[in-house]
Amino acid sequence: MMGMDLDSSLPEGWEDTRRRLEQERERNEILQPQVERPTRIVAIGGGTGLPMVLRGLARRALPRPGDPGVDITAVVAMSDDGGSSGRLRRLHGALPPGDIRNCLVALAGGKNAMKDVFQFRFGGARGLAGHAVGNLLIAALAELKGDFLEAVRMSGELLGARGQVLPSTLSSVQLVAQMHDDTEVVGERNICRAHGRVRRVSLSPRSPPPVEGLLEAIYTADLVAIGPGSLYSSVLPNLLVDGVSQALKETRALKVMVSNLMTQPGETDGMTCLDHVQAVIDHVGPVLDAVLVNGTSPTDESMKRYARRGSFVVPVDRRDLIAAGVVPVQADLLKEGSRIRHDSRKVASCLLKMARSGL
């Protein structure tokens, strides 16, 4: 399995922490095998893909008879510089709250009026126009408390989130893309506008430190779900944070990439499922055990409509994936309706089965 490993060493003290966590896990398994605990799932990504996964998992988070529930940790990229988040970054030096907000809302259970408040966007053309209330609230709490992570935690409490959301890093980072024509594009929104084939991405500054608790969450997880979502702008930036790729290699968790259903115009044109997997391998090495792929075809009418926008079904060749060292797991993942979307319940059900029984 070929690929370039861009790992940096783990933060100082992590090796001792890793050994301690492993010893505690083994001791608990020996001394308390009869005690059921929640299934620990870490979901990594951003954009619209990560909230989809979280909505499904949140429905299964609370324990019930015969089901100990799910302990959910969402890990979100911090390189967004567009829309409301980008304006808050440029005008106030804030970390981008948009993807954090969407994940917190996805984890909020049941009918919750606060979800509508967090997602409300101001209209108009000036001032607050385009800002989501949740973005402003998270930014305000971060400035008030002097701690972005505390702002996220407090926002989660307001929403009654059934899990925690972690920014992958607290450093102010920019996404940098090397394009296939050898040009370099800086900034996520500029990459989206470039409409060229991305060769690889990096963060500036390189290898920013991970947020507290991120590596521990990966190491103690039963399953780590990566994606779906924009490969280069939502998924890979999380894996480029210092120590993340090495923690993924060392954890005993099952590492599963949730394959995108459709190609993304201007970012993954013409890419197969194997190409997505290979992009992860090329950036951070062999960190994937399996890839969850959809086994149900969308309607011809839906595919024609998406084709007019330059978006096509991501081809899956199971033999190629196996040859690359990744196990393909196929299931019906499509949501009913005219839009080609993942069904959050189906995805969550598959991930939980894999986490609890293995491949």
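Ala177 stands opposite Val201 in strand E6. The model in which this pair occurs is predicted. The pair belongs to the contact between E4, residues 174-179, and E6, which run antiparallel and share 6 bridges.

E4 and E6 are part of an open sheet of 3 strands. The strand order is E5-E4-E6, and the pairing is antiparallel. The edges are taken by E5 (184-186) and E6 (198-204). Each of these has a single partner strand, so one side of each lacks a neighbour in the sheet. On average, neighbouring strands here are turned by 20° against each other, direction ignored. A helix covers part of this sheet. Helix H10, residues 231-239, lies across E4 and E6. The direction of H10 makes about 50° with E6.

A second open sheet is built from 7 strands. Their order is E3-E2-E1-E7-E8-E9-E10, with parallel pairing. Strand E3 (164-167) forms one edge and strand E10 (327-331) the other. Each edge strand has a single partner, so one of its sides is left without a neighbour in the sheet. From one strand to the next, the twist averages 25°.

Strand E2, residues 70-76, pairs with E3 in the parallel sense over 4 bridges. Val76 has Pro167 of E3 as its bridge partner. Helix H15, residues 344-357, packs on this sheet. H15 touches E1 (39-45), E2, E7 (223-226), E8 (254-258), E9 (290-294) and E10. The direction of H15 makes about 160° with that of E8.

The cysteines were examined next. A disulfide is a covalent bond between the sulfur atoms of two cysteines. A search of the whole structure finds 0 disulfides. Cys273 takes part in none, and its nearest cysteine sulfur, that of Cys350, is 14 Å away. For Cys350, the closest cysteine sulfur is likewise in Cys273. That separation of 14 Å is too far for a bond, because a disulfide requires sulfur atoms within 2.5 Å. Cys273 has 1% relative accessibility and therefore counts as buried. Cys350, at 16% relative accessibility, also counts as buried, because the cut-off for buried is under 20%.

How values were computed:
Residues numbered from 1 in each chain as written. Predicted model: local features only at pLDDT ≥ 70, side-chain atom pairs only at ≥ 80, totals over all residues. Heavy atoms only, no water. Pairing = 2+ DSSP bridges. Helix = DSSP H or I, 4+ residues; strand = E, 2+ residues; numbered from the N terminus. Axes fitted to C-alpha atoms, helices over the stretch in contact; angles between N-to-C directions. Contact = heavy atoms within 4.5 Å. Buried < 20%, exposed > 50% of the residue type's maximum accessible area, 1.4 Å probe, protein only.
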